[in-house]
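Me: I would like to go through the labels attached to this model one at a time. For each, please give the value, the cut-off and the conclusion.

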Amino acid sequence: MMRFAIIGTSSISEKFIDALKSTKSCEAYALLSRDKNKGKRFVEKFEIEKLYTNIEEMLKDKDIQAVYIASPNGKHFEQAKLSLEAGKNVICEKPIVPTVKEFDILKEIAIKNKVVLMEAMRPTTNPNFKLIKENLYKIGAIRQVMLKYCQYSSKYDLLKVGEVRNIFDKNMSGGALYDIGVYPLYFTLAMFGEPKEYIGSNYLLSSGVDGCGTILLKYSDKIGVISYSKITDEKTPSEIIGEDGSIVINKVSAVKGITIKYRDGREEKIEIDTYENDMRYEIEEFVKIIEEGKVESTLNSFTTSRKCVEIMETLANR
């Protein structure tokens, strides 16, 4: 049984714990929470054995083999660095860190200490991602990649009346690109590799973070358009467009609703059934790497994570 420490008590941590339980080979063993009372309620709800309010004390626990980090974006680097230095395997929520300098430091520590460092990016570990890649040839030469994630945030309503939550706090590396734009951006980089050039433009909110924006990725043979927003909703699907047809994806973040629409009018559904809680795929990949004695995932690789961080650092909140 692989024992995990969980950092953070948000809904994403709850979903991760649910996925851990479904594997039958992992357990949420410890929790780190700044708020002791909130932490107590959380460990009781999810039957977690240990509660810590200090990360240094938690990392001394030899029964912890892995750390899942789901704290605000601005806390990722410090917590991941301490965990890796303590010899713990780390799976960190997206964005793994806000800067390339921080990423390179974490990568160096992981390699030195022979522990896993992996970004918790769900779409690329989902089997439907691989299925899309295997079917790209059917749509001919790919010329346009138009992916998006736009979801209105209730916290935007709070910002409008002057209350700044972490997700819209520049000091916490908040904003639409870091929070949800990372999904279609990472998807594109993992599917098609690094672009030759990139540019972007954002609409900035009163707190100084981007509420929405677009990134243009220029490849030698195609153009990628990445759109993201936390102040509007999307109503149309994403597309990978080739000369002979398109692969339409209704929801990029969950890799759901996938259909090939050929230029001659034919349609072909290629989606397969997946786990109800798709976080299980990233956990299985993470555990597999640990068991194989590796430090890096081939699905959520250092190269893809670093390039994604580079582009976001260059374009976010500007």
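Reply: First the elements: helices are DSSP runs of H or I with at least four residues, strands are DSSP runs of E with at least two, and both are numbered from the N terminus. The model is predicted, with local features requiring pLDDT of at least 70 and side-chain atom pairs pLDDT 80 or more, while totals for chains, interfaces and linings use all residues. Residue numbers start from 1 along each chain as its sequence is written, and side-chain values rest on heavy atoms, without hydrogens or water.

Me: Where is Glu47 found, and why does it count as exposed?

Reply: Glu47 sits in the loop between H2 and strand S3 (50-52). Exposed means over 50% relative accessible area, buried under 20%, and partly exposed in between, using a 1.4 Å probe and protein chains only. Glu47 has 69% relative accessibility, so it counts as exposed.

Me: What is noted about phi of Glu47?

Reply: Phi of Glu47 is near 55°, which is positive in a residue other than glycine. Asn317 also has a positive phi near 55° and is not glycine. Asn317 belongs to the segment after H10, and its relative accessibility of 10% makes it count as buried.

Me: How do you know that Ser253 is buried or exposed?

Reply: The relative accessible area of Ser253 is 3%, so Ser253 is buried. Ser253 lies in the loop between strand S12 (245-251) and strand S13 (256-262). A contact is a pair of heavy atoms within 4.5 Å. Apart from neighbours within four places in sequence, Ser253 contacts Arg122, Pro123, Tyr149, Tyr183 and Asp278.

Me: Why does Gly213 count as buried, and what does it touch?

Reply: Gly213 has 11% relative accessibility and therefore counts as buried. Its place is in strand S9 (residues 210-218). Not counting residues up to four places away in sequence, Gly213 touches Ser201, Asn202, Ile226, Ser227 and Tyr228.

Me: What makes the span of helix H5 agree with expectation?

Reply: The expected span is 1.5 Å times one less than the number of residues in the helix. For the 14 residues of H5 (residues 100-113) that should give 20 Å, and the end C-alpha atoms are 20 Å apart, so the two agree. After H5 comes Lys114, with a positive phi near 55°.

Me: Which residues of H5 are buried, and what do they pack against?

Reply: Val100, Phe103, Leu106, Ile109 and Ala110 are the buried ones in H5. The buried residues of H5 pack against helix H4 (76-85), strand S6 (117-120) and helix H10 (302-315). As background, an α-helix has 3.6 residues a turn, so residues three or four places apart point the same way.

Me: How do you know whether H5 is roughly parallel or roughly antiparallel to H10?

Reply: Axes are lines fitted to C-alpha atoms, for helices over the stretch in contact, with angles from 0 to 180 degrees between N-to-C directions. Under 35 degrees counts as roughly parallel, over 145 as roughly antiparallel, 65 to 115 as roughly perpendicular, and the rest as oblique. The axes of H5 and H10 come within 9 Å and cross at roughly 160°. That angle makes H5 roughly antiparallel to H10.

Me: Which residues meet between H5 and H10, and how do they divide?

Reply: Val100, Phe103, Asp104, Lys107 and Ile111 of H5 meet Phe302, Ser305, Arg306, Val309, Glu310 and Glu313 of H10. This contact divides into 5 nonpolar, 1 polar and 5 charged residues. Nonpolar covers Ala, Val, Leu, Ile, Met, Phe, Trp, Tyr, Cys and Pro; charged covers Asp, Glu, Lys and Arg; the others, Gly among them, are polar.

Me: And what makes H1 roughly parallel to H2?

Reply: The axes of helix H1 (residues 11-23) and helix H2 (residues 36-46) come within 12 Å and cross at roughly 30°. H1 is therefore roughly parallel to H2. The contact involves Ser13, Glu14, Ile17 and Lys21 of H1 with Phe42, Lys45 and Phe46 of H2. By class, it has 3 nonpolar, 1 polar and 3 charged residues.

Me: Which peptide bond is cis?

Reply: The bond from Lys94 to Pro95 is cis, with omega near -15°. Pro95 is in the loop between S5 and H5.
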